[in-house]
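We will go from stop to stop, picking a few residues each time.

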Amino acid sequence: MNVIKKYIWLLQKLQQYGELTQKDFDRLWQNSTLSYGKPLDSRNFHRWKEAAEDLFSVDIECVCSQGQYRYRIKRNSNDEVTNWLLHTMTVSNLLEEYKGLNDSIILEKVPSGESHLGTILDAIKYGKQLMVTYHNFHREEANPPALVNPLCVKLSDRRWYVLVDFAEKENYRRIMALDRIVHIELQHTSYTMPENFDAKTYFNDSYGITVMSDVPTETVILKVPASAAPYLRALPFHPSQRETRKEGDFVFMEYRLKITEELAFALLRHAVRSEIIEPISLRKKVKELARQIIDKHNL
């Protein structure tokens, strides 16, 4: 078995149970289909623990509780990318462990494109340009190959995207879906990352992948039924989400966002139960989309 899967298994059990003794780990390991019934000795346990800490940049601390030494993941010990990577690999590990339950596991199909991800990340890491042939949904044929400088990648709504500057067009920045890239090739020529460019800051006030630098950031307020609020608390609509107040059976959620078509479409599915209080421009956009739906489905 791939040794990394053992490290992931160890971290997954700590995430699942919170705190575990070494004896707990041995019991869980022997009950796992990954162990083939073999015990987890102390030497292997500590080796896996140290390797998992190094690989995923986490801190596993040992605390004495009720006369026993227990292990747990130290809070805030890893960053966003590491957390996402650990989550993804944990799910992959669980699916393999329980692959006998294939008929009971239903997955969503994700568009292809990951095959280009390694090439793009190599280009960003080493500062190399890319030659990209791109075919969007609005053209019958692919665009001519273009020389681009990759700035960052983003996962949005189950699709991977890459933000690029076109090397031969001044101030021409675009975002490309990886599954629409027909061909990509790493170049020997180098580029310099724009001064003061920060990927998180660039997308900070935007929903999804639409970034409009000439559009001001506004305060968006949603009036949400108290019964629906737990869903937004568990899965925030946007990282800027802030719960401001409660009034009767309603909760008010506040966001800092640029008003775009992509945002309006995303809010449309919430509009049945939630009300857009501010800004009026966004309220009108969603109302217009709803009107178009009514017109198309008029019976």
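Is R173 buried, partly exposed or exposed? Select R173: with a relative accessible area of 27%, R173 is partly exposed. Here buried means under 20% relative accessible area, exposed means over 50%, and partly exposed lies in between, with a 1.4 Å probe and protein chains only.

Before moving on, note that this is a predicted model, where local features need pLDDT of at least 70 and side-chain atom pairs count only at pLDDT 80 or more, while totals for chains, interfaces and linings use all residues. Residues are numbered from 1 along each chain as its sequence is written, and side-chain values use heavy atoms, with hydrogens and water left out.

**Stop 1: R173 and its partner**

R173 and D165 form a salt bridge, with their closest N and O atoms 2.7 Å apart. A salt bridge here is a side-chain nitrogen of Lys or Arg within 4 Å of a carboxyl oxygen of Asp or Glu. D165 counts as buried, at 15% relative accessibility. The two residues are also bridge partners, R173 being the one in β7.

**Stop 2**

Select residues 159-166, which make up strand β6. Helices (H or I, at least four residues) and strands (E, at least two) are DSSP runs, numbered from the N terminus. In β6, 8 of the 8 residues are buried, so the strand is largely enclosed by the rest of the structure. In a regular strand the side chains alternate between the two faces of the sheet. Color R159, Y161, L163 and D165 for one direction, and W160, V162, V164 and F166 for the other.

Next, show the strands that β6 pairs with; two strands pair if DSSP finds at least two bridges between them. Strand β5 (residues 146-156) runs antiparallel to β6 and is joined to it by 8 bridges. Along this pairing, P150 stands opposite V164. Strand β7 (residues 173-177) is also antiparallel to β6, with 5 bridges between them.

**Stop 2: two turns with positive phi**

Most residues other than glycine have a negative phi, and most peptide bonds are trans. Select D157, in the loop between β5 and β6. This hairpin has 2 residues between its strands, and D157 has a positive phi of about 50° although it is not a glycine. D157 is exposed, with a relative accessible area of 68%.

Then pick N171, in the loop between β6 and β7. The hairpin there has 6 residues between its strands, and the phi of N171 is positive, about 55°. N171 counts as exposed, at 76% relative accessibility.

**Stop 3**

W84 sits in helix α4 (residues 80-97) and is partly exposed, at 42% relative accessible area.

**Stop 4: the four-stranded sheet**

Which strand order does the open sheet of 4 strands have? The order is β10-β11-β9-β12, with antiparallel pairing. At the edges are β10 (242-247) and β12, each pairing on one side only. From one strand to the next, the twist averages 30°. Strands β9 (residues 217-225) and β11 (residues 250-258) are joined by 9 bridges, and I221 stands opposite E254 in β11.

Between β12 (275-278) and α9 (280-296) you will find P279 in the loop; the peptide bond from E278 to P279 is cis, with omega about -5°.

**Stop 5: further salt bridges**

Finish with E19, E61 and R72, which are linked in a network of salt bridges.

Technical notes. Axes fitted to C-alpha atoms, helices over the stretch in contact; angles between N-to-C directions.
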